[in-house]
Amino acid sequence: MTIVPLIFTSGLASGINAYAVVLLLGLLGRFAGAESVPGALERTDVLIAAGVLFLLEAVADKIPYVDSVWDAVHTVIRPVAGATVGALIASTDPGSLGEVAAGAMGGTTALVSHLVKASLRMAVNTSPEPASNIAVSLAEDVSVAGLVTLAIFHPWLAASIAAVLLLAGILLVRFAVNRIRAFRARRRERRAARAGSTAAPGRPVAEGTAPRI
């Protein structure tokens, strides 16, 4: 069952950068002799397509707000890629896990990690400077490369790290959502206070009372 942690890790990584996962797995299978990598990912046309798409994502993912649009477009693509990679990995070891179950595991993990990534990137986009987007994007690229490479040689260790990162990401999203809600609540309170202070001086004088001299 060594393919199970590989499917889980590749699914999580696919939710972050599916093209990098396909490219890395294909290269590791073709040039590093990784037996768990399906032959379909080692094909030259697949490697070229994954490489071109990876370069496009590497640029788009570092531009504020463009990254969120890119994430929205890939809400379907990344889970499908995770499911496909999972099913292909299962096909290399038919006796361990069914392709349907492997596809479901890879696709579900990719969907969850994609939603975490997209939510965190929207929160980062509230920052007025682009350096944070570039730093987060580079950290994601390094994490995907490290996890996929580690999953080939030490699958259970990679899966454990991936699970911790996924849990940490979910907690960060929850924290960010709470902070955004608190910020919006304070902003509404300030607007209400300003509206009340501007309305107070304009109150009409009650009828029958004379102004003081």
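1. The model is predicted: local features need pLDDT of at least 70, side-chain atom pairs count only at pLDDT 80 or more, and totals for chains, interfaces and linings use all residues. Residues are numbered from 1 along each chain as its sequence is written, and side-chain values use heavy atoms, with hydrogens and water left out.

2. The count comes to 1 cavity of 30 Å³ or more. A cavity here is a set of points on a 1 Å grid over the protein atoms alone where a 1.4 Å probe fits but cannot get out; points are joined across faces, edges and corners, and the volume is the space filled by probe spheres set on them. The largest cavity has a volume of about 30 Å³.

3. I16, N17, E57, A58, D61, S137, E140 and D141 line the largest cavity (lining residues have an atom within 4 Å of a point). Two or more residues each come from α1 (3-31), α2 (44-60) and α5 (131-153), and α5 gives the most, with 3 residues. Helices are DSSP runs of H or I, at least four residues, numbered from the N terminus.

4. R121 lies in helix α4 (residues 99-124) and is buried at 1% relative accessibility (buried means under 20% relative accessible area, with a 1.4 Å probe and protein chains only). Beyond neighbours within four places in sequence, R121 is in contact (heavy atoms within 4.5 Å) with residues including D61, S137 and E140. D61, S137 and E140 also line the largest cavity.

5. W70, in helix α3 (residues 66-91), counts as buried at 19% relative accessibility. Leaving aside neighbours within four places in sequence, W70 contacts Y19, L56, E57, A60 and R78.

Technical notes: On a 1 Å grid over the protein atoms alone, a cavity is a set of points where a 1.4 Å probe fits but cannot get out, and a pocket is an open set with protein on both sides within 12 Å along at least five of seven lines; lining residues have an atom within 4 Å of a point. Buried means under 20% relative accessible area, exposed over 50%, partly exposed in between (1.4 Å probe, protein chains only).
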